[in-house]
Amino acid sequence: MIRRNAAGFRALLIVADALVAIVLFIGLSAWRLGETWSTMWRQIVPVPEGLFVIYGLGWVIALAMNGLYRPRARWSIRGEAVDVLRATTMLAVVTLGVLYIFRMPDVSRLFLLVLFPVQALVTVLGRIVLRLVMEQRRRQGKNLRYVLVLGAGPRAQQFAAKMEAHRELGLRVIGFLDDEAVDDLPSTLKNLGTLDQLETVLHSQVVDEVAICLPFSQWGLIDAITHVCEEEGKIVRIPMDVLDRAMSAGRMDELDGTPVFSLVSGPDRFLALAAKRALDLAVAASGLLLLSPFLLLIAIAIRLETDGPVLFRQTRVGLHGRPFQVLKFRTMVSDAELRYEEVVGRSDPRAFKLTDDPRVTPLGRFLRRTSLDELPQLWNVLRGEMSLVGPRPAPPREVAGYDIWHRRRLSMKPGITGLWQVTARHVDDFDNRAQLDLSYIDRWSLWLDFQILARTIPAAVQGR
């Protein structure tokens, strides 16, 4: 299975199953044993909290041994229920065996008689609800990864169908590119053009991954396409039933029995990226709450200085080309966008940056020097459009002027602060700043994020 996509859903199921099992064990204990349930468990085992955790882990192991964390192309309620019942039987037999071996007669048999059937019922219902919620979010276009398929023959269509069949992976095929005309392409799939239009499609649509399903006789073309996709920071998938060429980089995955060679550009560690997202949520939520009085004072000051809105909204380009509305405190006069043509020639159009922009207000200069104008972007972080640390998001007009290697900046979620902000914030050369962003992507780790965040605060306070 394609690991990065499957790992997220599997981890969510494991955590949900373990937590539900622990809560159910505690809840049924309180129901069956009354107010003294904690004391009674403590008489049976020295540390009842450990028993609750062991039960949760035991339930997860029983589910895993019955294949309930393996991705399924054809999921059904009946199939899931049967496997959950097998896991329940396994856990019940092991539990009763442990009670007999360790001679623990004080455990209520009625409690166990209720626990296991309820555990099975709650697990099946919980998984149905979880899948329905995730499916609904996917229908709304959330948590999706968009795949462009190169090639439109039977092999390409078959691989696309496998990706779409695994709904839990969140992979959606946006269309196909092929030089050969295909008359029998299903109506649900789009032919987006020929292979020489690859860069146009990558730049005009949101593309997270590229699946190359071309014949191996076109290896020279495959090699060139792979190079372009890697330069732009796209994940490349090459399904191959027979690996007939040695690979110097990449890794082998699997999708429904089809070997898939994957070339991954940028961070691809699910658990570490999930921890990064958890850090984003915690800091953004607490920051907005704790700083709300300070944010209100800044808003009042802006409103007293000039007419116009307090917040500046502008379309920026996020992960793999996803557009979003970035929020900042307004630091310019209200007609700044109308006067853009007056000053655009004084900076690199790929990353517009002026130290003496005449449109900036006096208060705006202070807010920019201390980076306080960026604080509303905590809301963008909370929404998942940005991260605390990452490459800075650019407007579409700047991204349109990128060279191919610049576009790899889009392979990671943009951030409020980043490596170049704390090392070379006043460097005007865009290529040097882009190199720092790519260095961050290639070296990324949670520790690097903590280092950048630690250096950002004093840099902002000192106006650097």
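In this predicted model, the second largest cavity has a volume of about 40 Å³. The count of cavities of 30 Å³ or more comes to two. The second largest cavity is lined by Val 317, Gly 318, Pro 391, Arg 392, Pro 393, Ala 394, Arg 409, Leu 410, Met 412 and Pro 414. By residue class, this lining divides into seven nonpolar, one polar and two charged.

One of the lining residues, Arg 392, also takes part in a salt bridge with Glu 374, in which the closest N and O atoms are 3.1 Å apart. Arg 392 lies in the loop between strand S10 (387–389) and helix H14 (396–399), and Glu 374 in the loop between H12 and H13, so this pair ties together parts that are 18 residues apart in sequence. Both Arg 392 and Glu 374 are buried.

Glu 374 has a salt bridge with Lys 328 as well, with 3.9 Å between the closest N and O atoms. Because Lys 328 belongs to strand S9 (residues 323–329) and Glu 374 to the loop between helix H12 (362–369) and helix H13 (377–383), the pair ties together parts that are 46 residues apart in sequence. Lys 328 has a relative accessibility of 14%, so it counts as buried. For Glu 374, the relative accessible area is 13%, and this residue is buried too. Salt bridges link Lys 328, Asp 373, Glu 374 and Arg 392 in a network.

A search of the whole structure finds 14 salt bridges. Among them is the one between the side chains of Glu 209 and Arg 237, at 3.0 Å from N to O. Glu 209 is in strand S4 and Arg 237 in strand S5 (residues 235–239), so here the parts tied together are 28 residues apart in sequence. Glu 209 and Arg 237 are both buried.

Pro 215 and Gly 151 are 64 residues apart in sequence, while their C-alpha atoms are 8.4 Å apart in space.

On the surface, Leu 289, Leu 290, Leu 291, Phe 294, Leu 296, Leu 297, Ile 300 and Leu 304 form a nonpolar patch, with about 850 Å² of accessible area together. Helix H9 (270–290) and helix H10 (292–305) are the elements that give two or more residues to this patch. H10 supplies the largest share, five residues. Leu 289 lies in helix H9, and with a relative accessible area of 63% Leu 289 is exposed.

Conventions:
Residues are numbered from 1 along each chain as its sequence is written. This is a predicted model: local features need pLDDT of at least 70, side-chain atom pairs count only at pLDDT 80 or more; totals for chains, interfaces and linings use all residues. Side-chain values use heavy atoms; hydrogens and water are left out. On a 1 Å grid over the protein atoms alone, a cavity is a set of points where a 1.4 Å probe fits but cannot get out, and a pocket is an open set with protein on both sides within 12 Å along at least five of seven lines; lining residues have an atom within 4 Å of a point. Grid points are joined across faces, edges and corners, and a volume is the space filled by probe spheres set on the points. Ala, Val, Leu, Ile, Met, Phe, Trp, Tyr, Cys and Pro count as nonpolar, Asp, Glu, Lys and Arg as charged, and the others, Gly among them, as polar. Patches are made of residues with over 30% relative accessible area and no salt bridge: like charges are joined within 9 Å, nonpolar side chains (Val, Leu, Ile, Met, Phe, Trp, Tyr) within 5 Å. Accessible areas come from the Shrake-Rupley method with a 1.4 Å probe; for residues, only the protein chains shown count as cover. A salt bridge is a side-chain nitrogen of Lys or Arg within 4 Å of a carboxyl oxygen of Asp or Glu. Helices (H or I, at least four residues) and strands (E, at least two) are DSSP runs, numbered from the N terminus. Buried means under 20% relative accessible area, exposed over 50%, partly exposed in between (1.4 Å probe, protein chains only).
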